[in-house]
Amino acid sequence: MHITPEKIKEAAEALECTELKSFMFQEPTAGPLTKPRRSSRSTGRSSRRSTRGTRRSSRGSRRSSRRSHRSSRRSRRSSRRSRRSSRRSRRSSRRSRRSSRRSRRSSRRSRRSSRRSRRSSRRSRRSSRRSRRSSRRSRRSSRRSRRSRRS
């Protein structure tokens with residue numbers, strides 16, 4: 001922080017110290033004490049006004065810097081959130097794809113198994129029919145043979 005003659009004047013007015021007053025009226029390059037410029041009251045007032053202005057401007061700049069900092073934080077947070085949400089959506093889409101694939105596979109398997117069961121049932125029916133036919137034939141043939149033996 002830079003110490004200006006105005007700040008020294010303010011301090012002198014606050015403390016009412018003679019040593020500070022003698023120091024404050026010296027020019028920065030001057031050696032011994034010179035005559036004070038006009039009246040101390042008028043210079044004090046003007047210095048107060050100028051310092052108030054500088055304080056206000058510094059406060060404003062601080063506030064604006066804080067605001068900009070906050071807004072940058074918010075934007076960072078929002079960008080992080082958007083990244084997270086996009087990641088989540090990607091994950092969920094992947095999961096949904098996987099689940100749809102699984103469901104397709106399972107449906108295919110179930111279809112296959114149902115087909116197989118149908119086939120097997122058909123086969124069993126056919127075989128039962130064949131067996132029935134063969135049994136009938138064998139009965140007939142046995143009857144014929146018996147008849148032929150009798151006659």
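Biologist: What is the mean pLDDT of the chain?

Modeller: This is a predicted model, where local features need pLDDT of at least 70 and side-chain atom pairs count only at 80 or more. pLDDT is the predictor's confidence in each residue, from 0 to 100. In the chain, 69% of the residues reach 70 or more, and the mean is 77.

Biologist: Which element has the lowest mean pLDDT?

Modeller: Helices are DSSP runs of H or I with at least four residues, numbered from the N terminus. Residues are numbered from 1 along each chain as its sequence is written. Helix H1 (residues 5-15) has the highest mean, 82, while the lowest, 61, belongs to helix H2 (residues 18-24). Where pLDDT is low, the predicted coordinates should not be read in detail.
The element asked for is H2.

Biologist: Which residues in H1 are buried?

Modeller: Buried means under 20% relative accessible area, with a 1.4 Å probe and protein chains only. Such residues make up 5% of the 151 in the chain. In H1 they are Ile8, Lys9 and Ala12.

Key:
Side-chain values use heavy atoms; hydrogens and water are left out. Buried means under 20% relative accessible area, exposed over 50%, partly exposed in between (1.4 Å probe, protein chains only). Helices (H or I, at least four residues) and strands (E, at least two) are DSSP runs, numbered from the N terminus.
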